[in-house]
Amino acid sequence: MVLYGLKNCETSRRAMKLLGDVTFVDVREDGVPDDVMRAALDRFGDALLNKRSTTWRGLDEAARERPVAELLKEHPALMKRPLIEGDDTLYLGWDAQTRADLGLE
């Protein structure tokens with residue numbers, strides 16, 4: 001299982017703690033592999049953007065209108081976290097539904 005997040009993101013840390021044996025990838029330092037990002041965009045679309053983030057609030061309207069893939073490549077911190085890849089399935093966020101889908105609740 002691979003968890004894509006930010007090393008200073010509290011939600012990513014909580015997820016790693018509960019998941020246990022997981023490979024952590026810091027999206028700011030290492031990015032998300034192109035094939036994983038394409039699959040995530042296909043599955044989650046605009047939901048992949050964290051529109052409550054400081055980074056989002058700092059963007060002007062023209063920047064916000066750019067394609068999601070471009071925004072995430074330029075500003076990895078805009079990705080909603082964590083993005084979890086496991087058993088050929090992607091999970092986004094760390095809500096009750098994600099935890100249940102992963103068998104943690």
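**Salt bridges**

My rule for a salt bridge is a side-chain nitrogen of Lys or Arg within 4 Å of a carboxyl oxygen of Asp or Glu. By that rule I get five salt bridges. Before going on, I note that this is a predicted model, where local features need pLDDT of at least 70 and side-chain atom pairs count only at pLDDT 80 or more, while totals for chains, interfaces and linings use all residues. I number residues from 1 along each chain as its sequence is written, and side-chain values use heavy atoms, with hydrogens and water left out.

One of the bridges pairs Glu29 with Lys7, with the closest N and O atoms 2.6 Å apart. I wanted to know what this pair ties together. Glu29 is in the loop between strand 2 (23-26) and helix 2, and Lys7 is in the loop between strand 1 and helix 1, so the bridge links parts that are 22 residues apart in sequence. Glu29 and Lys7 are both exposed. My accessibility classes are buried for under 20% relative accessible area, exposed for over 50%, and partly exposed in between (1.4 Å probe, protein chains only).

Next I looked at Arg66. It forms a salt bridge with Glu70, the closest N and O atoms being 3.3 Å apart. Arg66 also meets Glu74 in a salt bridge, at 2.9 Å from N to O.

**Arg81, a charge without a bridge**

Arg81 sits in the loop between helix 5 and strand 3. Is Arg81 buried or exposed? Arg81 is buried, yet has no salt bridge. I count Lys and Arg as positive and Asp and Glu as negative, leaving out His and the chain ends. On that count, the nearest side chain of opposite charge is Asp26, 8.6 Å away.

What I found instead is backbone oxygens. The one of Ala77 lies 2.9 Å from a polar atom of the Arg81 side chain, and the one of Met79 lies 3.2 Å from a polar atom of that side chain. A polar contact here is a pair of N or O atoms within 3.5 Å; within protein, one must be able to donate a hydrogen and the other to accept it, and residues adjacent in sequence count only if both atoms are side-chain atoms. Leaving out residues up to four places away in sequence, Arg81 touches Gly5, Leu6, Cys9, Thr11, Ser12, Asn50, Gly93 and Trp94. Contact means heavy atoms within 4.5 Å.

**Helix 1**

Which residues of helix 1 (residues 10-19) are buried? I find Ser12, Ala15 and Leu19. The face turned away from the buried side carries the exposed Lys17 and Leu18. After helix 1 comes Gly20, with a positive phi near 80°.

**The nonpolar cores**

I define a nonpolar core as a set of buried Ala, Val, Leu, Ile, Met, Phe, Trp, Tyr and Cys residues joined through side-chain atoms within 4.5 Å. The largest one has 25 residues, and Tyr4, Leu48, Leu72, Met79 and Leu83 touch the most other members. Strand 1, helix 2 (34-44), helix 5 (68-74) and strand 4 (89-92) each supply at least two of its residues. Helix 2 gives the largest share, four residues. A second, separate core has eight residues, including Leu3, Val22, Tyr91 and Trp94.

Beyond four places in sequence, Leu48 touches Met37, Ala40, Leu41, Leu72, Leu78, Met79, Lys80 and Leu92. From there I went to Leu41, which is in helix 2. Leu41 has 21% relative accessibility, so I put it down as partly exposed. Leaving aside neighbours within four places in sequence, Leu41 is in contact with Leu48, Val68, Ala69 and Leu72.
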